[in-house]
Amino acid sequence: MKKHGTTYVFLIIALLVLFAANIAYGAVRIPLKDILDILTGNGANVNKAWSFIVLNTRIPQAVTALFGGASLAVSGLLLQTLFKNPLAGPSILGISDGANLGVAIIMLLTGGIGSIAGYLATVMAALAGAFVILIIIILFSRRVKSNVMLLIIGIMIGYIASSAISILNYHASVDKVHQYVMWGMGDFSSVSLEKLPFFSISCIAGLILSVLLIKPLNAFLLGEQYAENLGVNIKSTRIMILFCTGLLIAIVTAFCGPISFIGLAVPHIARLLLGTSNHNQLVPVTILSGACIALLCNVFTVVPGTNTILPLNAITPIIGAPIVIYVIVNKKNIQYFN
Amino acid sequence: MELTINNLSIGYFTRGGKRKPVRENINLTLKSGEVACLLGLNGVGKSTLLRTICRFQKKLGGEILLDGKNIDDFTQNEYAMMIGVVLTDRTNAGGISVYELVSLGRQPHTGFFGHLSKNDHEKVVEAMEAVGILDKASRYVSELSDGERQKAMIAKTLAQECPVMILDEPTAFLDATSRIEAMILLRKLAKEQNKAILLSTHDLDNALKMADKLWLMGDNLDTVAGTPSELIENNIFAPYFEKRGIVFDKTTKSLKASNERIN
C-alpha cells in the first residue's frame, strides 16, 4: 500500500479533474464563471437553459460515466482473473449480448422507445436479457467444472443471442434498426436525474461486492485447485464472481448500451500502473482507473471547437485498443498471466 | 500426525452415477517426519490418489483418516490447515512477488479480507528462509526459474502450516541438479519441521535414494508400501516397472533395456 501511494493520489486527482472537465465542457459552451454560479446555487441570473444543462444533463452524465466506467472495469478484472484470460471482458460471457437481445426485442418488435414508458421498457428488457444469460451461465457453472469450458459456453450463448438479434434486425423496419444501432453505440447521457440514484446504488453495491471478493480472487491467481486447498469454496466463489460481474454489466448495459473496451482494457492499465496483479491494490485501482477512463472518453465524445457529438463506442476503442496492443506486444506485461 | 488410508477405492463417477474405479483396496499410512514417494507408470492412478487425499475429488469407497479423524469431517478451512499441496497446474501468479505468493499460504489463517498480521508476516519470512528463497522475496514469480518457482510453492505450503504436504510431481520440470536439491529440501523439512510429505514422481533414481518409504501403484498389482531396500530385496519393486524388454537391475537400482533386445 505504501509503495502504491502515489498511484492512488494520481488517480484521485485525475478523477477530480476529469469530473470537473465533464461538467465544464460540453457541446454547449457555458462560461466557467456561470457554471460555478450554477453549482453554488447562485444561478438565478444565469441562462435557465444553461442551468438545466449543467444540473440535469452534465452532472448526471458525469456521475454515470464515473460509476459505469468503474463497474465495467472491475467486472472485466474479475472475469480476467476467474477465466485466467487476459482478453476476457464484459462482452465475453454473453451477458452484454443478453442485454442487447432484450433491447432488440423491445425496439425491433414493438413500437420502439419514443416515450418514457418505452425508455423504461428498454432498461427493463436489457436487465432481463442480461440476467437471463447470467442465470444460464451460473447454472452451467454448477455443472461444468472447467472455467475454460464455461468461457466457451458463455461465448456460444453470446453467439446465439447475436443470431437472434440478426434475425430481428433483418425483419425490422429501417427506422427501428437505426434506433437500435444508435442504442448500440453506447451513451453515458441516458441516465436521467431521477434514474441516477437507482443506477448509482446498484453500481456501488456491485463495486462493494467486488471489494469483498479480493481474498478469494488472489487465491484464484494460483488456479482453482490451489485456491480450494487454501480454503476457498470454489463453487460459491465462482457464483459470487459471476453474480457480481453480471449485476454490474447488466445495469450499465441496460442504461448506457453495450460499451466496448473499457472492461477489457482498464484492468491492463491498472496492472501497468501498479506493476502487480495482487488484487489488494488491483481492485481499487481498477475501479478508479475505470472511472477516469470513462470520464476521459466522455469528454472526447464532444468534438473540440464544435458542438458535434461522437458516439461513445467510437471513442473507447481509440483509447482502449492501443493499450491492449501494448500489453500484447510488451512481454513483461503479458507475464502477469504466466 | 498420521495419515491412514483404509480399503480405499479411487476413481470416477460416470454421468449415471455409476462407479468407475481406477484402483481399489488401497491400504497405506504416512507418518510425520517421513518422506514417501508415490511411484508407478503413467495412468495407474497416482494423481487420482493424490487428488482424492486432497479432497479435490470424491472417493468411491473406504476411508482416509488424519489422526483417526475421517477427512470428510473437516470443514474446508480446517482441511486447508491440515494438508498443503504443490501441484503441476499452470498458475496466473506471474505478476505478484514471491513474498505475495508465499503469503497466499496464510489464507486459511487470516480473516475475511486476508489481512496479514505481524505473526503472519513472520511465518511468511520463516517459510521463505526454510526453502532458501528469502533473497528472491521481492522478485516477480514470472522471473523465477522452474526450480525457484517450485521452492516458492513449497514455501507457500510451509506458510500454510500444514502437518501434511502433498506434492504432485514436484520435480517434473526440473533439471537434474534442481531435482536432487528439491528432494534434499523435502527431506530436510520432514526431519526438521516434522512434516509428513507425500510426493508422486517418475524419478526412480532419487526416490530410491532419498525416500523413507515408497508407495507403489501398478495395473493388476496391489498398491503396496515399504522402504526402498525391502521392496527391492524382496523383489516387490521390479514388477511395477518392468515390461517386455525392460528390466530392473537390482545392483544398479535402475531400469534398463534387457540384453536380448539390445543384441
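1. A quick definition before the sheet: two strands count as paired if DSSP finds at least two bridges between them. Keep in mind that this is a predicted model. On that basis, chain B has an open sheet of 6 strands in the order S6-S7-S8-S3-S9-S10, with mixed pairing. S6 and strand S10 (224-226) of chain B sit at the edges with a single partner strand each, so one side of each has no neighbour in the sheet. From one strand to the next, the twist averages 20 degrees.

2. At the S10 end, strand S9 (residues 213-216) of chain B pairs with S10(B) in the antiparallel sense over 3 bridges. B:Trp215 is found opposite B:Ala225 in S10(B).

3. Now the helices on that sheet. Helix H5 (residues 146-159) of chain B packs on it, touching S6 and strand S7 (164-168) of chain B, and its direction makes about 170 degrees with that of S6(B). Helix H6 (residues 176-192) of chain B lies across strand S3 (35-39) and strand S8 (196-200) of chain B, running at about 155 degrees to S8(B).

4. Over in chain A, have a look at helix H3 (residues 48-82) and helix H11 (residues 234-256): their axes come within 9 Å and cross at roughly 145 degrees. The crossing of H3(A) past H11(A) is left-handed. Residues making the contact include A:Gly68 and A:Leu72 of H3(A), and A:Ile241 and A:Leu248 of H11(A). By class, the contact residues of H3(A) with H11(A) are 12 nonpolar, 5 polar and 1 charged.

5. Finally, the contact between the chains takes 23 residues from chain A and 24 residues from chain B. H2(B) gives the largest share of chain B's side, 3 residues.

Conventions:
Residues numbered from 1 in each chain as written. Chains lettered and ligands numbered in written order. Predicted model: local features only at pLDDT ≥ 70, side-chain atom pairs only at ≥ 80, totals over all residues. Contact = placed C-beta atoms within 7 Å. Helix = DSSP H or I, 4+ residues; strand = E, 2+ residues; numbered from the N terminus. Axes fitted to C-alpha atoms, helices over the stretch in contact; angles between N-to-C directions. Left-handed = near helix turned anticlockwise from the far one by under 90°. Nonpolar A, V, L, I, M, F, W, Y, C, P; charged D, E, K, R; others polar.
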